[in-house]
Amino acid sequence: MDLNLMFQEMTSMKEKYKWIGTVVFSFSIVIAQGQKPSIKIKEASTTTPDYQIDVTVEGLANDTVYLAHYYGNKLYYSDTTVTDARGRLTFPGRTFERCGKHAIVIPGPKFFEFMAVTEDIVLKTTASDPTNNVLVVKSDENKVFYDYLKFIQERRKIAEPLEAILSDSTASESSVNESRQQLQALGDEVANEQKRILEVHSDKLFVKYLNMVLEPEIPEVPENIAKPQELQYRWYRDHYWDRVDFSDPRLVHDGSFHQLLDKYWNRAIPQVPDSLIVEANRLLNKAAGNDEMFKYITHYITFNSESSQVMCMDKVFVHMIDTYYQTGKAKWMNDSQLQKVIDRANELRDSQCGNIMPNIILPGLDQEEWISLYDVEAKYTAVLIWESTCGHCKKELPKYKELYAEWHPKGLEIFAIGNDFEPEPWQEFVTEKGYTDWINVSDNPLVNAQDSATVLIYSGVTNLKSLNFRTTFDVFATPKVFLLDENKRIVAKQIGAEQMGDILGRLEEMERKGIKY
């Protein structure tokens with residue numbers, strides 16, 4: 001991972017979106033496909049707050065209105081009520097741990113955001129334009145929030161024509177330079193106002209949200225430092241979370257925390273499973289004692305790693321299940337939900353990068369001789385699970401044949417496992433297409449029959465993981481590919497023939513340089 005390139009990308013993005021990032025934060029309303037938010041969470045609290053949320057929407061009369069809350073960057077319904085004939089409605093105040101950015105959703109659907117905190121809140125607006133006509137009658141928190149929104153809206157109006165000039169290829173050089181200077185001045189003005197708010201209103205929840213989206217100022221590096229950008233990157237990573245109060249459960253109830261976590265996990269740190277496991281543990285240690293934040297981070301990392309397209313990221317998923325779910329720390333999950341994720345981790349366990357692949361012993365092409373993966377003596381072994389009716393397999397196999405011709409003299413062997421449930425089509429395809437240079441194995445209905453399987457396993461001919469190789473290696477689609485080192489340790493997986501060639505080349509280069517992989 002090139003840390004200099006990573007730092008350059010992050011700093012360039014910071015400059016590019018320095019202005020508009022603030023605006024995005026201010027209006028981070030999320031409703032899927034323009035519809036009302038899905039009713040996924042209906043909360044019940046054992047504590048009744050002694051304050052309330054009082055809203056009047058001019059233009060409503062006896063209409064159903066919803067209270068919605070943010071959980072990360074998604075909006076969920078929390079409560080519902082009906083206005084009186086004058087458009088007035090009330091909701092109970094939120095308990096401390098449920099406080100955060102909320103929205104009032106009216107027929108349309110239309111909605112406006114506000115900060116639900118532990119104080120009485122009185123707001124007025126109109127049904128015609130609820131977002132832009134909010135009047136804060138009572139609530140110190142929301143006065144700060146809406147004063148800031150108004151400030152940003154005014155600067156946004158000034159900035160729009162200036163940004164249009166910068167995007168206009170026909171604009172003169174002088175007008176472009178002048179527009180750029182004015183935008184810089186606007187950016188400075190916004191930065192100064194943000195600094196003032198942080199100093200004057202540090203007790204406000206909104207200010208904690210604002211602080212989370214403001215990038216830290218990276219110190220200048222002394223001139224005698226050999227790799228200044230690498231040092232700056234490490235400083236940035238080490239201080240990334242300084243702006244977050246890990247003791248405050250309310251921070252997960254706004255999109256800014258999700259934005260911060262998402263950027264850190266996917267862009268600020270190298271996408272290397274072992275490194276990410278270390279970062280996951282470090283981050284969750286920070287959130288220990290804050291159940292809301294611990295739950296959010298745990299779920300985010302678990303889901304992200306399980307669904308990631310990055311090679312070997314399921315190693316992070318298995319680690320999360322073993323460390324935080326099986327140990328009873330995922331208290332929000334019921335027994336059925338918990339068992340499902342544990343079962344999924346177990347399905348992936350044998351095919352994790354860095355693990356020794358289980359020994360696979362299956363009949364060869366003649367369906368008589370049993371061949372063991374562990375008997376294959378090779379510097380590299382590619383385990384290729386495929387089937388004769390798979391269109392993608394038919395496209396990839398010729399490429400693997402070329403790869404084998406190039407790399408077999410350098411130590412590559414291919415251990416190809418046929419995924420056909422009947423051996424005849426597989427045998428015919430292999431023979432007809434000439435894929436007989438490498439090792440071919442497969443199962444068949446006879447060896448998988450219960451009585452036969454029991455005898456074969458107990459007599460030591462094969463083992464259960466071999467006969468269940470589809471489950472062992474989580475084979476839901478083919479081809480399924482693993483690259484093993486000489487010790488049968490998985491070093492790469494789910495790669496095509498061209499990628500495997502590149503990886504083999506890099507492994508050879510690392511060996512020449514004396515670098516362990």
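A residue counts as buried when its relative accessible area is under 20%. Cys99, at 0% relative accessibility, is therefore buried. Cys390 also counts as buried, at 10% relative accessibility. The model described here is predicted.

**The disulfide**

The count of disulfides comes to 1. The bond joins Cys312 to Cys353, with an S to S distance of 1.7 Å. The torsion about this S-S bond is about -55°, so the disulfide is left-handed. The pair links distant parts of the chain, 41 residues apart. Cys312 sits in the loop between helix H9 (291-307) and helix H10 (314-325). Cys353 sits in the loop between helix H11 (335-349) and strand E9 (361-363). Both Cys312 and Cys353 are buried. For Cys312 the relative accessibility is 8%.

**Backbone features**

Most residues other than glycine have a negative phi, and most peptide bonds are trans. Some places in this model depart from that pattern. Cys312 has a positive phi although it is not a glycine. Ser139 likewise has a positive phi and is not a glycine. Ser139 lies in the loop between strand E8 (135-138) and helix H3 (140-167). Its relative accessible area is 4%, so Ser139 is buried.

Pro109 lies in the loop between strand E5 (100-106) and strand E6 (110-116). Pro479 is found in the loop between helix H17 and strand E14.

| Residue or bond | Feature | Angle |
|---|---|---|
| Ser139 | positive phi | near 150° |
| Gly108 to Pro109 | cis peptide bond | omega near -10° |
| Thr478 and Pro479 | cis peptide bond | omega about 0° |

**The loop between H17 and E14**

Asp474 is found in the loop between helix H17 (469-472) and strand E14 (480-484). Is Asp474 buried or exposed? Asp474 is buried, with a relative accessible area of 8%. Leaving aside residues up to four places away in sequence, Asp474 touches Arg344, Glu347, Leu348 and Lys480.

**Helix H13**

Helix H13 spans residues 423-433, and its buried residues are Pro423, Trp426, Phe429 and Val430. Seen down the axis of H13, these buried residues fall within an arc of 135°, so they line one face of the helix. The face turned away from the buried side carries the exposed residues Glu428, Thr431 and Glu432. What covers the buried residues of H13? The cover includes strands E11 (380-386), E12 (412-418) and E13 (439-442), along with helices H12 (391-407) and H14 (445-448). Just after H13, Gly434 takes a positive phi of about 80°.

**Helices H7 and H8**

Two packed helices are described by the angle between their axes and the distance between the axes. Helix H7 (residues 255-268) and helix H8 (residues 273-286) pack at an angle of about 155°, with axes 11 Å apart. That angle makes H7 roughly antiparallel to H8, because angles over 145 degrees count as roughly antiparallel. From H7, the contact uses Leu261, Tyr264 and Trp265. From H8, the contact uses Leu276, Glu279, Ala280, Arg282 and Leu283. Of these contact residues, 6 are nonpolar, none are polar and 2 are charged.

**Helix H15**

Thr454 lies in helix H15 (residues 450-458). At 38% relative accessibility, Thr454 counts as partly exposed. Leu464 is 10 residues from Thr454 along the chain, and their C-alpha atoms are separated by 8.9 Å.

Technical notes:
Residues numbered from 1 in each chain as written. Predicted model: local features only at pLDDT ≥ 70, side-chain atom pairs only at ≥ 80, totals over all residues. Heavy atoms only, no water. Axes fitted to C-alpha atoms, helices over the stretch in contact; angles between N-to-C directions. Helix = DSSP H or I, 4+ residues; strand = E, 2+ residues; numbered from the N terminus. Parallel < 35°, antiparallel > 145°, perpendicular 65-115°, else oblique. Contact = heavy atoms within 4.5 Å. Nonpolar A, V, L, I, M, F, W, Y, C, P; charged D, E, K, R; others polar. Buried < 20%, exposed > 50% of the residue type's maximum accessible area, 1.4 Å probe, protein only. Arc of directions from axis to C-beta. Disulfide = S-S within 2.5 Å.
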